[in-house]
Every structure is written in structure tokens, then in C-alpha cells.
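Hello,

Here is the structure I said I would pass on. Please look it over first; my notes follow below.

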Amino acid sequence: MYDEKKGSEVMQLEKPIIQAPMAGVTTPKLVAACSNAGMLGSIGAGYLNGQQTRAFIQQVKQLTTKPFQVNLFIQDEPRIDISILQQAKEALLPAYEELGVDPVQRVCATNVFDEQLEAVLDERVPIVSFTFGLPNKDVITRLKEAGVTLIGTATSVAEARAVEEAGCHYVVAQGQQAGGHRGTFLEPLEFHTTRDLIRLMKTHITIPIIAAGGIIDADDIKELEAEGAAYFQVGSAFLITDECDVPAISKQLIMHSSSNNTVMTTAFTGKLARVINNKFVEKMVGQVIAPYPLQHHLTIGIRQKAVEQQHKPSIAILIGERGYLCEETTVAGVLKKLGV
């Protein structure tokens with residue numbers, strides 16, 4: 001049973017840091033390393049099916065006995081508009097040709113949430129978070145009855161209130177500086193700095209707030225804690241740690257990046273995400289983009305080949321606004337810089 005007075009005792013954390021889920025980036029090694037270091041390691045299950053989610057969880061459990069979470073995407077089944085899909089494919093033809101990728105002929109959106117839910121429950125995962133929305137009441141009830149701590153992601157006050165009303169125990173305040181996908185699920189689209197978002201949220205909700213976006217060092221922690229954050233979700237700082245298996249070429253691009261080098265784009269997956277700007281992103285401006293997850297499937301080959309060929313102009317690097325400040329270090333080194 002959740003008790004807000006217990007704070008970190010509810011999640012049994014030694015440190016108030018949560019490793020951001022970062023779907024497609026996190027590996028069992030990184031998740032376990034973060035949990036073993038006293039923070040909350042996170043499995044980004046957004047691109048996994050049920051069987052893959054179960055296998056990932058089992059691998060993490062072999063590497064740590066500490067708590068970790070699984071992050072699930074709440075996916076609406078997109079209506080496939082053949083015309084839009086065809087235009088999206090045509091927009092990607094230059095990238096296919098440049099990298100020698102066979103154009104995707106067929107894509108389909110498969111809802112894997114139910115299978116992932118069963119994996120989470122069967123494996124007794126202690127903490128589950130949601131991105132892009134919230135599951136239905138029956139799912140929330142099943143998870144809570146199983147003793148699972150629930151975290152929702154919000155980019156606005158309206159979303160934060162929805163997270164609390166749904167019965168989640170915590171809310172992630174995802175500021176505009178955050179890397180990766182925006183967790184937005186209610187219109188209109190809003191952009192607030194992490195600090196301002198916490199200020200807005202704390203007057204409208206009672207559940208603890210997890211700050212996310214732009215957190216690099218101890219000063220950031222102090223500032224956001226003073227605003228009312230109880231926990232701090234950090235992603236970009238872990239990308240070039242020894243424990244993170246991000247491809248070497250991607251780590252090099254991060255280490256050589258500069259300020260003001262990130263942009264918001266839907267080009268890679270169909271969902272708005274903050275990435276390092278490059279020629280692929282620039283060429284996709286104004287082009288037709290298929291809805292998530294169709295665009296994700298259309299660009300998988302491009303993203304994979306770009307890394308294999310070390311084709312810098314096309315490599316997808318989802319990272320925060322202050323990612324250029326990341327240092328080549330270890331998980332322990334990140335914690336030291338965060339002052340925890």
C-alpha cells in the first residue's frame with residue numbers, strides 16, 4: 001500500500017535518482033548497474049513485445065536483487081491511411097537509397113500492451129511507469145492489487161491531474177529540456193521548463209513529483225528539490241557511461257556535440273522527440289510523417305544501417321537539451337556529479 005509519508009521507502013531506494021527508461025537504449029547491464037548503485041534502474045519496454053519484455057526482466061533479475069521499474073508505452077491503435085503511409089515511404093526513399101536499405105513494403109501496428117502487462121505481473125515487477133498516456137481502470141486495479149507502485153508521465157498540469165486521478169502514486173514532470181520522446185497525451189501540446197512545470201503541478205496535485213529534463217549536476221538537483229521535486233529522473237548523463245552499450249559512434253557524436261544542437265522532431269518514430277539535429281532530421285522537415293508506431297517501423301532499417309555504416313548525418317540520437325554537458329564516466333561517476 002502506498003504511503004506518501006514514507007517517501008523513498010516506498011520504492012526502497014538509497015538515492016532519489018531514477019534512471020530514465022530510454023527505450024531502445026537501456027540494456028539489462030545498465031538497468032542492473034543503476035539499481036545496484038542505489039537508484040532506480042528502468043527497463044524501457046516501449047519497443048519490445050511481451051516475450052521480449054519478459055526475457056529482459058528475467059535478465060535484469062539475474063544481475064540485481066534491488067528494485068527496478070518497467071516503463072510501458074500506452075499505444076493508441078493508429079488508423080492506417082494508405083495515402084499518408086505511401087507519402088511517408090516516399091519521403092524516406094532518399095535515405096533508403098543513400099544507406100542501401102530496402103524500402104519497407106509492409107508495416108502493421110501491433111498492440112503488445114496486454115502481453116507486456118502479463119509479463120510484468122508474472123515476474124512481480126515492483127514498479128511500473130507509463131508514457132504517452134494511462135491504461136484503463138481495470139489495468140490500474142490489477143497492478144495495484146498486485147502491490148505494484150505506479151508512475152505516470154506528464155508534460156502539463158492537466159496530464160498531471162489525470163495521472164493522480166487514475167490512481168498513480170507518482171508523476172514524472174517531464175520538462176521541455178528532456179531528451180527522447182515527449183510523454184504528451186492530452187491536447188493542447190504544452191512546453192514548460194522542468195522547474196516551471198513542477199511549480200505549476202505542485203499547486204494542483206498531492207502525489208510526489210519526479211523531476212525530469214535537464215538534470216546534469218548537483219546544482220540541478222538542489223534547484224529542483226527546492227521547487228518541490230521528491231525524485232529526479234536522469235537519462236542523458238547515463239548515455240556515455242561505461243555501463244551503457246550505446247554504439248561507439250553514437251557516444252562520439254554525443255561527446256563532440258555542442259549547445260543548442262538538439263531539436264524536436266517526429267521524423268524517427270512518429271512521436272515528438274528531442275534529438276541531436278542532423279541532415280536526416282533537416283531533410284524530413286515539411287515531409288509527411290506516418291503516425292507512431294508506423295514511422296518507427298519505416299525507419300528501423302535506416303537507423304540500424306546508419307550506425308553500422310557510421311553514417312553520422314543519419315544516426316538517431318535521442319538526448320536532452322543539455323546532453324552536450326555529458327561526460328564519459330561510470331554510473332558511480334554520474335551519481336557523484338549529481339551529489340547524491
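In this predicted model, strand β2 runs parallel to strand β3 (residues 68-73), and four bridges join the two. Within β2 (41-44), Ile43 stands opposite Val70 of β3.

Both strands belong to an open sheet of eight strands with parallel pairing. Read across, the order is β1-β9-β8-β6-β5-β4-β3-β2. Which strands stand at the edges? They are β1 and β2, and each has a single partner strand, so one side of each is left without a neighbour in the sheet. On average, neighbouring strands here are turned by 25 degrees against each other, direction ignored.

Two helices lie across strands of this sheet. Helix α8 (residues 194-201) lies across β5, β6 and β8 (209-212), at about 140 degrees to β6.

I also looked at one residue, Thr26. It sits in the loop between β1 (17-19) and α2 (28-36). Is Thr26 buried or exposed? Its relative accessible area is 7%, and buried means under 20%, so Thr26 counts as buried. Beyond its neighbours within four places in sequence, Thr26 is in contact with several residues, including Gln19, Ala20, Pro21, Val31 and Phe56. Ser42, Ile43 and Gly44 are also among its contacts. For Gly44 there is a distance to note: its backbone nitrogen lies 3.4 Å from a polar atom of the Thr26 side chain.

Regards

Key. Residues numbered from 1 in each chain as written. Predicted model: local features only at pLDDT ≥ 70, side-chain atom pairs only at ≥ 80, totals over all residues. Heavy atoms only, no water. Buried < 20%, exposed > 50% of the residue type's maximum accessible area, 1.4 Å probe, protein only. Polar contact = N/O pair within 3.5 Å; in protein donor to acceptor, adjacent residues only side chain to side chain. Contact = heavy atoms within 4.5 Å. Pairing = 2+ DSSP bridges. Axes fitted to C-alpha atoms, helices over the stretch in contact; angles between N-to-C directions.
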